Amino acid sequence: MRYISTRDASLNPQKKTFTEILLGGLAPDGGLYLPEAYPQLGNEELNRWRRLSYAELAFEVLSKFIDDIPSADLKALVDKTYTPAVYCNGRDLKNAGEITPIRPLEPGFGLLELSNGPTLAFKDMAMQLLGNLFEYVLEKRGETINILGATSGDTGSAAEYAMRGKKGIRVFMLSPHERMSAFQRAQMYSLQDTNIYNIAVRGMFDDTQDIVKAVSNDHAFKSRFKIGAVNSINWARVVAQVIYYIKASLAVTQSNDERVAFAVPTGNFGNICAGHIVRMMGAPIGRLILATNENDVLDEFFRTGVYRPRKAAETFTTSSPSMDISKASNFERFVFDLVGRDPAQLRCLWGEIDRGGSFDLSKTPYFERLPHFAFVSGKSSHADRIATIRKVYEKYGLMIDPHTADGFKVAFENPTPDMPLLALETALPAKFAETLMEAIGKSPTRPPAMEGIERLPQRVTVLDADVQSVKRFIEEHAAD
Ligand SMILES: *Cc1c(COP(=O)(O)O)cnc(C)c1O
């Protein structure tokens, strides 16, 4: 399997292997990496996969995308990642081999549990694999990496729990000082691992993101200190998410002719991009229900064909904060497929986006082709979220988090009588106790490992929102 950039329109496109793109972010031309063709799943293969455990399936799936890590090593990495010991934090797993159990709610409708990992959000599903892959590849090459990131919550904690104690890796995670919840702060800052550096920046989330951009644009600094990223454009994160769509599709069907629908709370289009890829591979996915919150740039596109990223100042702060995005960083991967994988066309569209503009496909043949990709979209507001959390609690006795609620809301609006529907659980409600309190007057119980974490000692350095101070801190603490 070789990887190409969505924007490489040269006669002889550069092709890379999996480990060549693993540690990097964007392609040098500014595009995103994708397989040069999606592997196609056969009938017999899918039938054989129906009997596999999560880890066994993960190995089979990843083997289709990774051909430059020896099989035995890949197997060991996958077994170490997808073990019940890692994915049991949230609750008792009835079937320990499942990793992503399905909780049936009514005939043809269920919750796909993806948030039983160490930080109680679905991002652990991919990030835990990334941590093990990074450590393996760096060790092979005798290299080190300094991961620099900015977080308003879920991504930072998932990255830190995945990278803690890993050889050759240091993490510098910027977060807005005193703007995260006490629980979120405790989750990150209480880690005592010496390779994890929490930097609380006196400013807003946008300031932290600007600092990361400024540091990454200083190419000399970046290469001298081997600065890397684990943001959601990383291909390995997308491919790790492919696994659970296949696992779940096979779990709720008897034969490969049946179809399954998934409802996906969406921000950067990373999670649902994996669903799209799985459908393109020929797995039995019949519909992808995309839910946004008040930040509805993607809902607008799927309804109208207009993609109009918002300015930072036009981005709403909502009660499903991990979906508060103005520009969906993985969307380019989908549009590449939509325009028939024409990198010249893609360059032209994203030229507009990179200049701060928008594009409109409504009067193009691409928009007519959109229904073939099986997306349905909708949006959810704070009032919808609260009403949905309440309704789901009353109807099924189930507490869901505000992001998952956005998915349920749009799923309820788009019933799929012709196929089973699974709503993706992107976080546990324990992470968002305030919103649950508002909706149902009750606080969700916390997994035992998270009890009282606010009282643990914290390791964090507070810095001004200043690029030089952050660079100096990295210089003093970087791995060499
Ligand atoms: C990151 C996140 C999302 C959005 O996922 P994308 O891959 O960015 O679309 C939704 N819900 C939660 C809880 C998240 O942490």
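Biologist: What classes of residue make up the shell around the ligand?
Modeller: By class, the shell around the ligand has five nonpolar, eight polar and two charged residues. Please keep in mind that this is a predicted model.

Biologist: How many residues surround the ligand, and which are the closest?
Modeller: The ligand is surrounded by 15 residues. The closest are Lys 123, Asp 154, Gly 267, Asn 268 and Asn 271.

Biologist: Where does Asn 268 come into it, backbone or side chain?
Modeller: A polar backbone atom of Asn 268 is 2.8 Å from an oxygen atom of the ligand. Phe 269 also takes part through its backbone, where a polar atom lies 3.2 Å from an oxygen atom of the ligand.

Biologist: And which side chain has an N or O atom 2.9 Å from a nitrogen atom of the ligand?
Modeller: That side chain belongs to Thr 426. As for cover, the ligand on its own has 380 Å² of accessible area, and the protein covers 97% of it.

Biologist: Let us stay with Thr 426. Where is it found?
Modeller: Thr 426 is in the loop that runs between strand E14 (421-425) and helix H18 (433-440).

Biologist: Does Thr 426 count as buried or exposed?
Modeller: Thr 426 counts as buried because its relative accessibility is 7%, and the cut-off for buried is under 20%.

Biologist: What is Thr 426 in contact with, leaving aside neighbours within four places in sequence?
Modeller: Thr 426 is in contact with Ser 115, Ala 121, Phe 122, Pro 265, Asn 271, Asp 401, His 403 and Thr 404. Asn 271 is also one of the closest residues to the ligand.

Biologist: Back to Phe 269 for a moment. What is noted about its phi?
Modeller: Phi of Phe 269 is near 65°, which is a positive value in a residue other than glycine. Phe 269 lies in the loop between strand E9 (260-265) and helix H11 (270-280). With a relative accessibility of 1%, Phe 269 counts as buried.

Biologist: What about the phi of Ala 374?
Modeller: Ala 374 is not a glycine either, yet it has a positive phi of about 65°. Its place is in the loop between helix H15 (365-369) and strand E13 (375-379). Ala 374 has 14% relative accessibility, so it counts as buried.

Biologist: New topic: Thr 416. Where does it lie, and what does its side chain reach?
Modeller: Thr 416 lies in the loop between helix H17 (402-413) and E14. Its side chain reaches the backbone oxygen of Met 419 at 2.9 Å. Thr 416 is buried, with a relative accessible area of 9%. Leaving aside neighbours within four places in sequence, Thr 416 is in contact with Ala 261, Arg 287, Ile 289 and Leu 421.

Biologist: Which residue can you describe in helix H17 itself?
Modeller: Ala 405 lies in helix H17. At 0% relative accessibility, Ala 405 counts as buried. Not counting residues up to four places away in sequence, Ala 405 touches Arg 385, Thr 388, Ile 389 and Ile 400.

Biologist: How far is Ala 405 from Ile 386?
Modeller: The two are 19 residues apart in sequence, and their C-alpha atoms are 8.1 Å apart in space.

Biologist: Now helix H7. Why is it described as largely enclosed by the rest of the structure?
Modeller: Helix H7 (residues 182-189) is largely enclosed because six of its eight residues are buried. The buried ones are Phe 183, Gln 184, Ala 186, Gln 187, Met 188 and Tyr 189. These buried residues pack against helix H6 (154-163), strand E6 (169-176) and strand E7 (196-202).

Biologist: And H3, what span should it have?
Modeller: Helix H3 (residues 54-65) has 12 residues, so at 1.5 Å a residue it should span 16 Å. Its end C-alpha atoms are 17 Å apart, which agrees. The buried residues in H3 include Tyr 54, Leu 57, Phe 59 and Phe 65.

Biologist: Last one: what does Ile 227 touch, not counting residues up to four places away in sequence?
Modeller: Ile 227 touches Asn 146, Leu 148, Phe 221, Lys 222 and Ile 474. Its place is in strand E8 (residues 227-228), and Ile 227 is buried, with a relative accessible area of 11%. The C-alpha atoms of Ile 227 and Gly 149 are separated by 9.8 Å, although the two are 78 residues apart along the chain.

Notes: Residues numbered from 1 in each chain as written. Predicted model: local features only at pLDDT ≥ 70, side-chain atom pairs only at ≥ 80, totals over all residues. Heavy atoms only, no water. Helix = DSSP H or I, 4+ residues; strand = E, 2+ residues; numbered from the N terminus. Expected span 1.5 Å × (residues − 1). Buried < 20%, exposed > 50% of the residue type's maximum accessible area, 1.4 Å probe, protein only. Near = heavy atom within 4 Å. Polar contact = N/O pair within 3.5 Å; in protein donor to acceptor, adjacent residues only side chain to side chain. Areas by Shrake-Rupley, 256 points an atom, 1.4 Å probe, with all protein chains shown as cover. Nonpolar A, V, L, I, M, F, W, Y, C, P; charged D, E, K, R; others polar. Contact = heavy atoms within 4.5 Å.
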